[in-house]
Amino acid sequence: MAVFKARAWLSRAFSTVASHPLRVCVVGSGPAGFYTAEKMLKAHQEAQVDIIDRLPTPFGLVRSGVAPDHPETKIVVNQFTRVAQHERCSFFGNVTLGSSVTLPELREMYDVVVLSYGAESDRVLGIPGEDLSGIYAAREFVWWYNGHPNCRYLNPDLKSSDTAVIFGQGNVALDVARILLRPTTELATTDIASHALSALEKSSIRKVYLIGRRGPAQAACTAKELREILGIKDLHVHIKEADLLKTPADEEEMKNNRIRKRVYELLSKSVTSRPLHPSSDPRELHFVFFRKPNKFLESDERTGHVSGVRLEKTKLIGINPGEQMAVGTGQFEDLDCGIVLKSIGYKSIPVDGLPFDNQKGVVPNDRGRVLSDTSGDHTRLEKGLYVCGWLKRGPTGIIATNLFCAEETVASISEDLKQGIVTSSSSSSGREGLLQLLDNRNVRVVPFSRWEKMDSQERELGNLKDKPREKLTTWEELEKALEE
Amino acid sequence: MLVSRFSGLGRQMINYLPKVPLTYAPKTGNLHASYSYFSHALKPKTFSTTTAHEEEAPQVEEISVIFVDNNGEKHIKVPVGTSILEAAHENDIELEGACEGSCACSTCHVIVRDMEYYNKLEDPTDEENDMLDLAFGLTETSRLGCQMIATPELDGICLELPAATRNFAVDKCAKAT
Ligand SMILES: Cc1cc2nc3c(=O)[nH]c(=O)nc-3n(C[C@H](O)[C@H](O)[C@H](O)COP(=O)(O)OP(=O)(O)OC[C@H]3O[C@@H](n4cnc5c(N)ncnc54)[C@H](O)[C@@H]3O)c2cc1C
Ligand SMILES: NC(=O)c1ccc[n+]([C@@H]2O[C@H](COP(=O)([O-])OP(=O)(O)OC[C@H]3O[C@@H](n4cnc5c(N)ncnc54)[C@H](OP(=O)(O)O)[C@@H]3O)[C@@H](O)[C@H]2O)c1
Ligand code: FES
């Protein structure tokens, strides 16, 4: 079978490179993983870098997070592709840390292991009714429209009402709102998953409420995303003028924050914006500030389904200079809706044998070096184990942030190599060891050359529909592509 | 030359797998040398390549630009009309360009050393400012390399790569976005 042949070929090609390579395994092929691999290859001529990912497809959130109508942002995969094609680098898809291979096994086989497997879970609100149907994490909804196989069958309810509520006002919330509001004729020429496009074409959602617990001076989004959503054709934007009143504390907060300042200005300007022409299919976007979710309301007609949210008014109190927090005021109001998307942040998941800070949802680390014990004066280091990306810093930052994050982690690795804390050991079996182990377990490894074939297949399918690509979105489709 | 300059992935490919098209870049055994192509982006959308300039109008005016990174200074000649990103990559200067000049990534951020030169530049557009918002280590005189076009007034301009002053305050950066 092609996949296995490729594997045999790989190990042959590999054995000719260097006698004592530094064996490096990077777990997760998102921006953090690829930037780490790039920096490692560059800094260490003796490094052999293997990148594993649980999916057969590479690039993490660049494929499954970045919005389909942001093709320019995805251009970075060209750079990542060049990294994967480097002769000292290999990509092995369909390999899951924690089930295909364990962390202790990887650490045994490689001199250096860098974990950059992102944040594939969600923060929760912890309020009554959160498990009613019709309530989704934004992550799931994003995976659904971006064709991630784990959410192919999410089938979000877009038809039982005209109103969607989104909690959170970060960039993910804006992405999700834009996908719900943007004319589907415009989405049709993007790489949006076709199951999502056809559901959106039939969607009855016409009003989207973006709900923030703080004010317009604290909105978590950036100007680029905000400008884009405000520019949607025929969109009626609602912001209460009273919410835009700035307090001295707000001024203080914005003074040293260029992003907050520019976001606030954009929001203020849009108060007066109205669509130029009355539209046959009007759509509304409501920015709701100073409200936090209190409970979800259950529908009388459809048991177990959400029919609205109860919001509590908030006010801001200063906690630190230049930082304010929302607290409830005891005043409540209800808002009817048929679907709720919680966009309040992602969260990483630990694997067995990995120190993890459950509170912060990250791996405790010192500039990328994993720490096993942070209590007391003595911090203990997990030798040879590093982290990068959202698993290291928490779920914030753009793609470029991971570049600097990778530089930091690689600088730590380099320092540790120099000091002899980490060495390239002749006993580490590296790539051969890993492939042997996976073979024994009947794990079907997908090398990069296989992905490239899937990539061309997706582009060809897309071509037929005037889309840049038509993603393979079910495990069955992906499996089938591997057979071909 | 024509092929290897701006031929999509061509010149960067130093792969060992039998690959799809575009593998006309010479396979080189010198990893170190070829690696420097890694971070290289392709031409920005809006400009013709230098190759075209050279062939059709060899007399095209050039300006000098100085790049400063942690290895020191590098003086280069840049044809008028070329973007700074493109010029950097033509000269093996390690300026990132993740979105290849589409004004969508902020990795091509450069710092203009001299306020006088900074003032000679046209004001950044809203789109450039939106990306600058997210640039790592933003300063008063920061610009995006892919949006800066060489003009005669800029002759002698000195550009700093933020890497030169980078101090790994990643957490701060993460918070800012
Ligand atoms: C919805 C959304 C939209 C965004 N849009 C933009 C944008 O337009 N522009 C921008 O600059 N930034 C954007 N970002 C931010 C950017 O995507 C992140 O900063 C970046 O992807 C984080 O990189 P990472 O490598 O840490 O994680 P990820 O990109 O999530 O990569 C993690 C990888 O690990 C793999 N993995 C997970 N678990 C395992 C396991 N157990 N074993 C093996 N592999 C595993 C996953 O399959 C994945 O490939 C967006 C983020 C989101 C959520
Ligand atoms: N185009 C792009 O560049 C792009 C696109 C998408 C994502 N990204 C990046 O990816 C990262 C993640 O984005 P994100 O939107 O998931 O996170 P985010 O920017 O951190 O936003 C989270 C939002 O959820 C709110 N929130 C958190 N807990 C809450 C609670 N208990 N109740 C009510 N509201 C709550 C926050 O409000 P508070 O502020 O009050 O806490 C904030 O509005 C960001 O850094 C983002 O910039 C970038
Ligand atoms: S190259 Fe991406 S913004 Fe300039």
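This is a predicted model: local features need pLDDT of at least 70, side-chain atom pairs count only at pLDDT 80 or more; totals for chains, interfaces and linings use all residues.

Student: What makes the pair of Arg213(A) and ligand 2 a polar contact?

Tutor: A polar side-chain atom of Arg213(A) lies 2.8 Å from an oxygen atom of ligand 2. The cut-off is 3.5 Å, so the pair counts. For Val172(A), a polar backbone atom is 3.1 Å from one. Overall, the protein covers 82% of the 920 Å² of accessible area that ligand 2 has on its own.

Student: Why is the link between Glu382(A) and Arg107(A) called a salt bridge?

Tutor: The N to O distance between their side chains is 2.6 Å. The limit is 4 Å, so the name applies. Strand β18 holds Glu382(A) and helix α5 holds Arg107(A), 275 residues apart.

Student: Why is Glu382(A) called buried?

Tutor: Its relative accessible area is 17%. Buried means under 20%, so Glu382(A) qualifies.

Student: And what makes Arg107(A) partly exposed?

Tutor: Arg107(A) has 26% relative accessibility. That lies between 20% and 50%, so Arg107(A) is partly exposed.

Student: How do you know that Arg178(A) and Asp69(A) form a salt bridge?

Tutor: Their side chains meet at 2.7 Å, N to O. That is within 4 Å, so the pair passes. Both residues are buried. They also belong to a salt-bridge network that includes Glu225(A).

Terms used
Residues are numbered from 1 along each chain as its sequence is written. Chains are lettered from A and ligands numbered from 1 in the order in which they are written. Side-chain values use heavy atoms; hydrogens and water are left out. A polar contact is a pair of N or O atoms within 3.5 Å; within protein, one must be able to donate a hydrogen and the other to accept it, and residues adjacent in sequence count only if both atoms are side-chain atoms. Accessible areas come from the Shrake-Rupley method with a 1.4 Å probe; for residues, only the protein chains shown count as cover. Buried means under 20% relative accessible area, exposed over 50%, partly exposed in between (1.4 Å probe, protein chains only). Helices (H or I, at least four residues) and strands (E, at least two) are DSSP runs, numbered from the N terminus.
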